[in-house]
Amino acid sequence: MTTSPPVAAPVARRRAWWHTGALLAVLLCAAYLGGRHWPVVASGVDRLAVADQGWLLVGAAAAVATWCCAALAQQGAVAERLPGGRLLAAQFAASAANHVLPAGLGAGAVNLRFLMRCGLPACRSASALAVKAAAGVLARAVLIAVLAVVCPGVLRVPHVPVTAVAGGLAAVMALTVLLRGPLRSRCGRVFGTVLADVRAVHSRPHRAAALWGGSLAFAAAHCLVVVAVAQAVRLPIEAPRVALLYLAASSAAALLPTPGGLGSLDAALAFALTTAGAPGSGAASTVLGYRLLTVWLPLVPGLLVLGVLIRRRAL
């Protein structure tokens, strides 16, 4: 009697080689980014060396809180129970990946793989990401509205050209035609899945509280990082105004799909702060400190965590 040769061992070896290669690629990426941007990190440390260390610690704590808030919001976007430790590690890794790929693709890919590894189908994983993203946009809009009332006159409604309005209406009409045509059935299934997940989440009050509370706290924690750095460098602008300027600048920077808003957010925030009356050096130090706490310091550890999650097949 003949037996077929075992295939499990070659498959396991191929998977081990793939995971090892992915880990090495992540490590090389971390080393490359750290070496390339080390002058920026060193300059930021020098600029902030004379700042108020107490406020910088507050900013660092707020930066750590952003990952916890992201994990809370992601848990709230699904009805199933997610493993807490891996969920938090995935959000830390996603924040690092988000600064490597443009337009949030890194964070989206990490969270999608994490949810699928937790047993959710691909369609439901994508739906959970859509629910979380929508809640984040609405939470940010609520914060902007509240701060705009507290700080009147900071934000002004821009003049919109007639051609832009006409172009927007044409785009809406074209999208409507597409949705009523060949894409209707496919988009209907997608929207149906999203609406079903929204109902499932909001049928459980603790999940809905986690979704909306985490989304609101995530935006507020980022505001607190900027406010703390501004206080550390003694920026002559009130804290609510700094928070509102950050939210407006980050919303505008989202229109330019750069990795983590690098470049676009820096320019928009520095311009907003100087327009509000901050000196150029103070605005630059604030932007640099914010980036130091939210990007450069956690970047390499975040990529290392990403590599470990890939190696352990948690992603």
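A salt bridge here is a side-chain nitrogen of Lys or Arg within 4 Å of a carboxyl oxygen of Asp or Glu. This is a predicted model, in which local features need pLDDT of at least 70 and side-chain atom pairs count only at pLDDT 80 or more, while totals for chains, interfaces and linings use all residues. Residues are numbered from 1 along each chain as its sequence is written, and side-chain values use heavy atoms, with hydrogens and water left out.

Start by selecting Arg291 and Asp266, whose side chains form a salt bridge at 3.1 Å, N to O. Arg291 sits in helix H12 (residues 280-311) and Asp266 in helix H11 (residues 264-275), 25 residues apart; helices are DSSP runs of H or I, at least four residues, numbered from the N terminus. Arg291 is buried, at 4% relative accessible area (buried is under 20%, exposed over 50%, partly exposed in between, with a 1.4 Å probe and protein chains only).

How many salt bridges are there in the whole structure? A search finds three. Next, pick Arg124 and Glu80, with their closest N and O atoms 2.7 Å apart. Arg124 belongs to helix H6 and Glu80 to the loop between helix H3 (53-76) and helix H4 (84-97), so this pair ties together parts 44 residues apart in sequence. Glu80 is partly exposed, at 32%.

Now move to Ser125, also in helix H6 (residues 122-150). Is Ser125 buried or exposed? Ser125 counts as buried, at 0% relative accessibility. Leaving out residues up to four places away in sequence, Ser125 touches Leu112, Leu115, Met116 and Leu120 (contact means heavy atoms within 4.5 Å).

Finish at Glu238 and Arg241, another salt bridge, at 3.4 Å, N to O. Arg241 is partly exposed, at 27%.

Methods
Helix = DSSP H or I, 4+ residues; strand = E, 2+ residues; numbered from the N terminus.
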